[in-house]
Amino acid sequence: MNIRHNWTKQDDYCVYCLYILKITDTQKLEKVAQDIGCKLGSLKMRIKNFEYIDTKTTGLSNYGKVSEEVYVELKNNSQKEQYIISEFKNKFRFWLS
């Protein structure tokens, strides 16, 4: 049985942070995927969606409306972006290791 993950805005905040912080280490991505409740491959594809939203040239163009909303929301509000990134770092302290 293959259960599809229903992405939430909170999930997209995490993925946005992974994209902006350029976190690509598989072990770190696996931890986030496990926390979100999705497969590693799905998480990597979602990161590629943010890449496309950001560049309009590379990444995966089949992104969800919520992902675009999260990207625009955070890119247009640096204070909120920094808050979300800070919360992400507090939750996943793996970048210090």
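Guide: Leaving aside neighbours within four places in sequence, aspartate 12 is in contact (heavy atoms within 4.5 Å) with Trp7, Arg46, Phe50, Val66, Ser67 and Val70. The model is predicted, so local features need pLDDT of at least 70 and side-chain atom pairs count only at pLDDT 80 or more, while totals for chains, interfaces and linings use all residues. Residues are numbered from 1 along each chain as its sequence is written, and side-chain values use heavy atoms, with hydrogens and water left out.

Aspartate 12 belongs to helix H1, which covers residues 9–20. Helices (H or I, at least four residues) and strands (E, at least two) are DSSP runs, numbered from the N terminus. Aspartate 12 counts as buried because its relative accessibility is 0%; buried means under 20% relative accessible area, exposed over 50%, and partly exposed in between, with a 1.4 Å probe and protein chains only. Of the 97 residues in the protein, 34% are buried.

Turning to the whole, the protein has 5 helices and 0 strands, in the order α-α-α-α-α along the sequence. Its radius of gyration is 13 Å, close to the 13 Å that the globule rule gives for 97 residues, so the protein is as compact as a globular protein of that length. This radius is taken over C-alpha atoms, and the rule is 2.2 Å times the number of residues to the power 0.38. Along the principal axes, the C-alpha atoms fill a box of roughly 40 × 35 × 20 Å. Among contacts between residues at least 6 apart in sequence, 55% join residues at least 24 apart.
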